Amino acid sequence: MTLYSPSPISERATSAADRLLKNRLQRQYVKDFWICMGSVLAFLAAIRLAKVLLSVRHKRDRPSPTEDEKKTPLEVAEPSNTRRISWRRIPVAFATLFRIVAFRWTVPIGLKSVMSISELTFIAGYITTMFVFLFVRTHDLNYVFYEDRAVHLAASNLSLVVALAGKNNIISFVTGVGHEKLNVLHRAAARTCLILLWIHAGTRLHVGLSQNSNFSHGYIQWGLAGLIAFTMATVLSIRPIRTLAFEFFLVSHIFLIAIFLIGAVIHTRKVEFDDYVWPALVLWAFDRFLRFARLIWNSSLWRGVSQDHAKATVELLSEDTVRLTLKRRFNWRPGQHAYVILPTVSTLPTEAHPFTIASIPGNLDGSKAEAEKDVVFLIRGRGGFTQRLREFATQKGICSVPAFLDGPYGCPPDLRPFSTCILIAGGSGVSYTLPLLLESIRAANSDESSTKRVIFVWSVRHEDHLRWISMLLEDALSKAPPSLSIETRIYVTSGLSGGDVPTINYRKSSAESVDASVESPIKEEKSELPSYSALKITSGRPSIRRLLSDEIPVSEGPVSVDVAGPSGIANSVREALRSRGTGPMAVLRGAPSVTLHVETFGMVKG
C-alpha cells in the first residue's frame with residue numbers, strides 16, 4: 001500500500017468532467033437522502049398527530065358517568081365476542097395485524113437479546129438507503145465517485161446521530177417515541193457512519209495521499225485522531241461492555257466523541273464542508289443547555305444547595321430496594337422517568353442516572369394537588385451506583401442527601417381511553433406500573449377516564465417487599481371509586497415462609513392521602529406481616545397466557561397491556577398476544593383490540 005504519491009490515482013485517472021460530476025453528485029445525494037428521512041419523519045409525525053386528535057376527540061365525546069354508575073360497583077362484563085364477522089371492524093382488525101407483526105414478532109440478535117420487526121425494519125431501511133446513495137452512479141463502482149461521497153453522507157448524518165442520542169430532541173417531539181427507545185437507532189446510525197468513514201479513509205490510503213493531503217498536514221492528523229476516537233467509542237459501546245461497566249462507558253463515550261467532533265470540524269473546514277458538522281455540535285449544545293437549565297430550575301439552585309429543595313430523603317425499604325423521595329415544584333406524566341444526581345453517593349459528582357418516577361403528580365381523590373410534590377423513585381441495588389446507594393442507605397438509615405433532578409423524559413401511554421388495563425411488572429419494573437395504577441384511580445375519581453377494570457400483577461423474588469407494597473396499595477384501593485374494578489395479584493417467586501397468604505376482606509385504610517406518592521410504610525416495628533386487605537398473594541410465578549386469556553375476552557372495550565421488568569416476562573406477554581384469541585380474526589368476530597406497551601431502556605430487549 002502506497003501512503004504517498006506525488007500525483008494520486010484519483011487525479012491521474014479521471015478527467016475534469018468526472019471530478020465536476022463527482023462533486024455535484026456528492027451534494028445531490030446528501031440532499032436526496034435527507035428528503036427520504038424527512039418523508040419518514042413527516043409520516044410518523046402525521047400518525048402522532050392523528051393519535052393526539054383522536055385522544056382529544058375521545059375526551060370531548062366521552063359521556064359523563066351517571067350517579068348510579070358512580071355508586072354501583074362494576075360487574076364483570078359478558079364477552080362481546082359473537083363469533084359473527086363484522087366487516088365494520090376491518091380497520092380495527094388491520095390495526096391489530098399491524099401491531100402483531102410490527103411489535104410482537106421478534107428476531108434474536110444476540111445472547112438473550114431480541115429486536116422487534118419494526119425496529120429491524122427501520123434499521124435495515126436506514127442502512128440500505130445509506131449504501132444505495134453511496135454506490136449509485138459510481139460508474140461500475142469507480143472509487144473516485146464513492147470515496148468522498150462516503151464521508152459526505154457520514155458527516156451529514158452526524159446531526160441525526162446526535163439528535164437520536166439527545167434527551168431533548170425534535171424526533172421524540174414529532175413522533176411520540178421517547179429518547180430511551182431511540183437509542184438503538186442512534187447506535188445503528190453511528191456504526192453505519194463509522195463504516196462509511198473507514199471506506200473514505202481506507203480508499204484514500206489505498207490509492208495514495210498527495211503532497212497536499214498527507215499526514216504532515218494538521219487537518220489530516222485531526223481527521224485521523226477523530227476517526228480513531230470514534231472507533232474506540234463504538235467498540236466501548238457494545239452491549240457486554242456497557243452492561244459490565246456502564247459508568248466507564250458513559251465517561252469514555254463523552255470524552256471520545258468530543259475528540260471526534262473537534263477533529264471532524266478541523267478536518268472538514270479545510271475542504272469547506274464543515275457545514276455538515278456544525279449542526280451536530282449545535283444540537284449537542286442545545287440538549288446540554290436544556291438539561292442544565294432543567295437541573296437548575298427543578299432544584300431551585302439559585303436559593304443554594306443547603307436548602308430542602310436541593311435534597312432528597314433516602315430510605316431502605318427492603319434488603320435490595322431503596323426509596324428516594326424529593327420534594328419539588330415539578331410536573332410529569334405517570335410512567336415518565338428522570339435523571340437523578342446524588343453527588344455524595346456517586347463516584348463522580350456529575351453522574352446522572354435514569355429512574356422511573358414511582359409516584360404521580362396529582363391526588364388520588366382527584367382534588368387539586370399542591371405546587372410542591374413528592375417525586376418518588378424505587379431503586380433496586382444491583383451494581384455500580386445503585387449498589388453504592390443501597391449500601392449508603394444500609395449504613396445511614398433514613399437520611400437526607402444533596403440531590404438534583406433532570407427531567408422528566410419519556411412518552412408513556414395514555415390509558416384513559418381503554419376499558420381494561422392489565423399492568424404486569426417483574427422486580428423493579430413495579431416503579432413503572434405502580435404510577436399507572438395510581439393514575440387510573442385518580443382519573444376515575446376525576447371523571448376523566450373510560451377505564452372500568454384494572455388488573456395489577458407484580459412478580460417479585462422475595463417476600464420482604466410485601467410490607468411496603470401492601471400498605472401502599474391498601475391506601476390506593478381505599479380511594480378507588482366503586483365504578484372502577486381493581487384486582488391486585490402479587491407473586492413471590494422464591495416462595496412464602498408460611499405458604500400462600502390468604503386474601504383478606506377489603507377494609508379502608510385510615511392513612512392520610514399521600515398526594516398519590518409512595519408514603520413510608522414503616523410506621524412501627526413489627527415482626528409479622530401486615531394486613532393485606534384485598535391483595536391476592538401467591539407463591540410462584542404468574543401464568544401470563546392464562547391471565548391474558550381470562551381477562552381480554554370479557555373486556556367491554558379496548559385493552560391496554562403494559563409490561564415492565566425482565567425480558568422473560570415481556571417475551572411471554574408478546575407470545576401470548578400473538579395467539580389466535582387476540583388476532584385479527586378474533587377482532588373481526590367482536591373480541592376487543594389490544595395495545596401492548598413494553599417499557600424498557602433501549603428498544604432492544606434483553
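How do the axes of helix α15 and helix α16 cross, and within what distance do they come? That is where these close-ups of a predicted model start.

**Figure 1. Helix α15 alongside helix α16.**
Here α15 covers residues 430-445 and α16 covers residues 466-478. Their axes come within 11 Å and cross at roughly 20°. Angles under 35 degrees count as roughly parallel, so α15 and α16 are roughly parallel to each other. The crossing of α15 past α16 is left-handed. From α15, look for V430, L434, L437, L438 and I441; they meet W468, L472, L473 and A476 of α16. Sort the residues of this contact by class and you get nine nonpolar ones, with no polar and no charged residues.

**Figure 2. Helix α9 against helix α10.**
Now we turn to another helix pair. The α9 helix takes in residues 179-207, and α10 takes in residues 218-235. Their axes come within 11 Å and cross at roughly 145°. As α9 passes α10, the crossing is left-handed. On the α9 side you'll find A190, R191, C193, L194, L197, W198 and A201, and these meet L227, F230, T231 and T234 in α10. That contact is made up of eight nonpolar residues, two polar ones and one charged one.

**Figure 3. The buried residues of helix α18.**
This view picks out α18, residues 567-576. Which of its residues are buried? They are I569, A570, V573, R574 and A576. Around the axis they cover an arc of only 165°, so they sit on the same side of α18.

**Figure 4. Helix α7, mostly covered.**
Zoom in on α7, which runs over residues 158-165. Seven of its eight residues are buried. Reading along the helix, the buried ones are L158, S159, L160, V161, V162, A163 and L164.

**Figure 5. R291 and its contacts.**
You'll find R291 in helix α13, residues 278-299. Is R291 buried or exposed? Its relative accessible area is 11%, and buried means under 20%, so R291 counts as buried. Setting aside neighbours within four places in sequence, R291 is in contact with K167, N168, Y339, A352, D406 and Y409.

**Figure 6. A cis peptide bond between G407 and P408.**
The bond to look at joins G407 to P408, with omega at about 0°. P408 belongs to strand β9, residues 404-409.

**Figure 7. D447, a residue with positive phi.**
D447 isn't a glycine, yet its phi is positive, at about 55°. Where is D447 found? It sits in the loop between α15 and β11 (453-460). Its relative accessibility is 31%, so D447 counts as partly exposed.

**Figure 8. The protein chain as a whole.**
Stepping back, the secondary structure comes to 19 helices and 15 strands. The chain has 606 residues, and 49% of them count as buried. How much of the contact list comes from residues 24 or more positions apart? Among contacts in the chain with a separation of 6 or more, such residues account for 80%.

Definitions and conventions: Residues are numbered from 1 along each chain as its sequence is written. This is a predicted model: local features need pLDDT of at least 70, side-chain atom pairs count only at pLDDT 80 or more; totals for chains, interfaces and linings use all residues. Side-chain values use heavy atoms; hydrogens and water are left out. Axes are lines fitted to C-alpha atoms, for helices over the stretch in contact, and angles run from 0 to 180 degrees between N-to-C directions. Helices (H or I, at least four residues) and strands (E, at least two) are DSSP runs, numbered from the N terminus. Angles under 35 degrees count as roughly parallel, over 145 as roughly antiparallel, 65 to 115 as roughly perpendicular and the rest as oblique. A crossing is left-handed if the near helix is turned anticlockwise from the far one by less than a right angle, and right-handed if clockwise. Contact means heavy atoms within 4.5 Å. Ala, Val, Leu, Ile, Met, Phe, Trp, Tyr, Cys and Pro count as nonpolar, Asp, Glu, Lys and Arg as charged, and the others, Gly among them, as polar. Buried means under 20% relative accessible area, exposed over 50%, partly exposed in between (1.4 Å probe, protein chains only). The arc is that of the directions from the helix axis to the C-beta atoms.
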